[in-house]
Structure formats: C-alpha cells, structure tokens
Amino acid sequence: MQETLIDVVAAAIVDDLDHPTRLLAARRSAPAALAGRWEFPGGKVEAGEEHLAALRRELVEELGVTVAVGAELPGPDGGAWPITTKHRMRVWFTRLQQGPPEPLEDHDELRWLTAAELDDVPWLDGDVQIVAALAGHLAPR
Ligand SMILES: Nc1nc2c([nH]c(=O)n2[C@H]2C[C@H](O)[C@@H](COP(=O)(O)OP(=O)(O)OP(=O)(O)O)O2)c(=O)[nH]1
C-alpha cells in the first residue's frame, strides 16, 4: 500500500534572486536525532494550507523574516524532493525582505555559504541531493 507522504516546504534563501552567490543554511537544534545537521529553513504544510503560505509562516516562526519568493528549485517527484521515507519537500529560492534572520525556533546557528562552502556543513541526508542541484545556481564569488 502506498502511504501518503508528508509535505514539507523550505526556502533556499539567497542574497540575490537574479544573481545568487550565497545561501543561508540553518543548523537544527531539535529533535535530538537531527540536531547539529544543517537544512533549509521551513517545515510541514498544515492541513488546508497553501504551500507558499506555509513557507511564509515557517520563516516568520523560525527566523523572524519575511521574504520575496522566486523560482522553485524543482525536484524529481512532480517538483518535490524525496527527503525521508515519510516526507517530500518543495524548495523555493527566496531573498530576505524584512529581517535580519535569527535562529528563533528549531535552529541554533545560521550561516551564509558560498558555492565553495556548501559542503563545509553536515546537511541532513535528504538535503545532500538538493544542495548538489543548488550549487549550480550559485555564482562563484
Ligand atoms: N524544514 C526542513 N525539514 C527537512 C529538511 N530536510 C529534511 O530531511 N527535513 C525533514 C526533517 C523533518 O523530519 C521534516 C520536517 O519537519 P520540521 O520539523 O522541519 O517541520 P515543522 O517545523 O513543521 O515541525 P513540527 O511542527 O512537527 O515541530 O523534514 C530541510 O531542509 N528543511
């Protein structure tokens, strides 16, 4: 039986939507199994919620920011990325509108990474494929 996957939305927050050179990565502080690993800020879509509304809600809750949303970084599953056996995630490029980003909830550190620095942090397993795809979109500095 095919189980329904839980929808997660996340932001690839970059310095400039037209000419991105840096990505904002966030280090998870919870749950214990994921703490210390790095990810794209975001979270689960709630029942009846639109994906981009969920993305904006999560970014306010987690980082205290509002964003301008750009193009989607489409994954192989109808646009979504298979990130765990239970979750699939859609990812949009965004840039900060009102900030500054702070690790308010679920994270304990934020870092801006250049293309050359993307592999410097231990990403969640499911994010490694996404980071690889994203690397091609970041211009060298
Ligand atoms: N937000 C986010 N979650 C990810 C990423 N990669 C990845 O495997 N995940 C997983 C971790 C979790 O199992 C799941 C998303 O859960 P979450 O804990 O971020 O969602 P949430 O904020 O809505 O959580 P909660 O309300 O249940 O506490 O997706 C990623 O880059 N960003």
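Ala, Val, Leu, Ile, Met, Phe, Trp, Tyr, Cys and Pro count as nonpolar, Asp, Glu, Lys and Arg as charged, and the others, Gly among them, as polar. By these classes, the shell around the ligand holds seven nonpolar, five polar and four charged residues. The structure is a predicted model, in which local features need pLDDT of at least 70, side-chain atom pairs count only at pLDDT 80 or more, and totals for chains, interfaces and linings use all residues. Residues are numbered from 1 along each chain as its sequence is written.

Confidence was examined next. The mean pLDDT of the protein chain (the predictor's confidence in each residue, from 0 to 100) is 96. A value of 70 or more is reached by 98% of its residues. The model scores ipTM 0.95 and pTM 0.96.

The UniProt record, an unreviewed entry, annotates residues 4-136 as "domain: Nudix hydrolase". UniProt positions are given in the numbering used here, feature names are shortened, and such annotations may be inferred rather than shown by experiment. Over residues 4-136 the chain is 16% helix and 37% strand. Helices (H or I, at least four residues) and strands (E, at least two) are DSSP runs, numbered from the N terminus. The end C-alpha atoms of this range are 31 Å apart.

The ligand shell comprises 16 residues. A residue is near a molecule or strand if its C-beta atom, placed from the backbone, lies within 6 Å of it. Glu39, Gly43, Lys44, Ile83 and Gly126 come nearest to the ligand. Strand 1 (6-13), strand 4 (42-44) and strand 7 (87-98) each give two or more residues to the shell. Strand 4 gives the most, with three.

Strand 1 pairs with strand 7 in the parallel sense over eight bridges. Within that pairing, alanine 10 has valine 91 of strand 7 as its bridge partner. Strand 1 pairs with strand 4 in the antiparallel sense over three bridges. Here valine 8 stands opposite lysine 44. Strand 1 is mostly covered, with six of its eight residues buried. A residue is buried if 20 or more other C-beta atoms lie within 10 Å of its own, exposed if 12 or fewer, and partly exposed in between, with C-beta atoms placed from the backbone.

An open sheet of three strands has the order 3-2-8, with antiparallel pairing. Strand 3 (38-39) and strand 8 (107-114) stand at the edges, each with a single partner strand, so one side of each lacks a neighbour in the sheet. Strand 2 (residues 22-28) and strand 8 pair over seven bridges. Leucine 23 has leucine 113 of strand 8 as its bridge partner.

Several loop residues carry local features. Aspartate 15 is found between strand 1 and strand 2. It counts as partly exposed because it has 16 C-beta neighbours inside 10 Å. Aspartate 15 touches Pro20, Thr21, Arg22 and Arg95, not counting residues up to four places away in sequence; contact means C-beta atoms, placed from the backbone, within 7 Å. Proline 100 is in the loop between strand 7 and strand 8. Aspartate 106 also lies in the loop between strand 7 and strand 8. Although not a glycine, aspartate 106 has a positive phi of about 75°. Aspartate 106 counts as buried because it has 21 C-beta neighbours inside 10 Å.

Key
Pairing = 2+ DSSP bridges. Contact = placed C-beta atoms within 7 Å.
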